[in-house]
Amino acid sequence: MQKFDVLIVGAGMVGLTLALSLRKTSNLSIAIADTLPLAEITPEPEVRVSAINVASQTIFENIDVWSTIVNTRTQAYQHMHIWDKAGIGKLDFSVNDLNSYPKNTNLGWIVENKVIRNALWHKAKADEGIHFFTDHKLANIAVGDSEVFASFAAPQSTSNNIGNNMPMPIIAKLVVGADGANSWLRQQMDIAMISRDYDHHAIVATVKCSQGHKNTAWQVFMPEGPLAF
């Protein structure tokens, strides 16, 4: 039996950020369970990106990953322009509107999700208080009065030495679900969720603008739906 203070189910951006933040401010032992492989950073940009504002930048700075992220591949923006195609409504934001010290030079950054996850992953791997369980899926989880019990599923294999490779069950004082919208943990815990289908579809792409983007995030609302760059 393996004992930890916290079990985090999901090693995406949220789960890894939480693990590193806890370790930054405490000596808690943390287990991370997730079988999603780490995507390699290639010359071809990933279409899944996140808009990182100054508050998120501060979090990444506090857990010592921001320099890795910003030196890998990011696009800063200093302005945002949002308008209604069918009306006169519009919003304009600028880094010059921020009243803060020290002075910010950017309003935010567009960063590929895998760039963020890679930086968080390698930082967490180097922390001796964070233990990864990535080779086996969790099979079930049970909640006691003061702890949770999680066990792993055996891989689909006919090998005779499966038992030698199986991780021992985990006992933790707290379990955190960070495994996405279709959370396995939420289903196991039978936590109710209210959802609504908007019947919307989106196309995401990386484009090169002939006139440049002027370090501005653009978004227009049209009758057919929003368009953002």
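Trainee: What is the order of the strands in the open sheet?

Mentor: In this predicted model, where local features need pLDDT of at least 70, side-chain atom pairs count only at pLDDT 80 or more, and totals for chains, interfaces and linings use all residues, the open sheet of 6 strands has the order S8-S2-S1-S11-S10-S9, with mixed pairing. Strands are DSSP runs of E with at least two residues, and helices are runs of H or I with at least four, both numbered from the N terminus. Residues are numbered from 1 along each chain as its sequence is written, and side-chain values use heavy atoms, with hydrogens and water left out.

Trainee: What makes S8 and S9 edge strands?

Mentor: Two strands pair if DSSP finds at least two bridges between them, and strand S8 (130-133) and strand S9 (138-143) each pair on one side only.

Trainee: How many bridges join S9 to S10?

Mentor: There are 5 bridges between S9 and strand S10 (residues 148-152), and these strands run antiparallel.

Trainee: Why does Lys214 count as exposed?

Mentor: Exposed means over 50% relative accessible area, buried under 20%, and partly exposed in between (1.4 Å probe, protein chains only); Lys214 has 65% relative accessibility, so it counts as exposed. Lys214 is placed in the loop between helix H6 (184-188) and strand S12 (216-222).

Trainee: Why is Asn215 called partly exposed?

Mentor: Asn215, in the loop between H6 and S12, has 29% relative accessibility and therefore counts as partly exposed.
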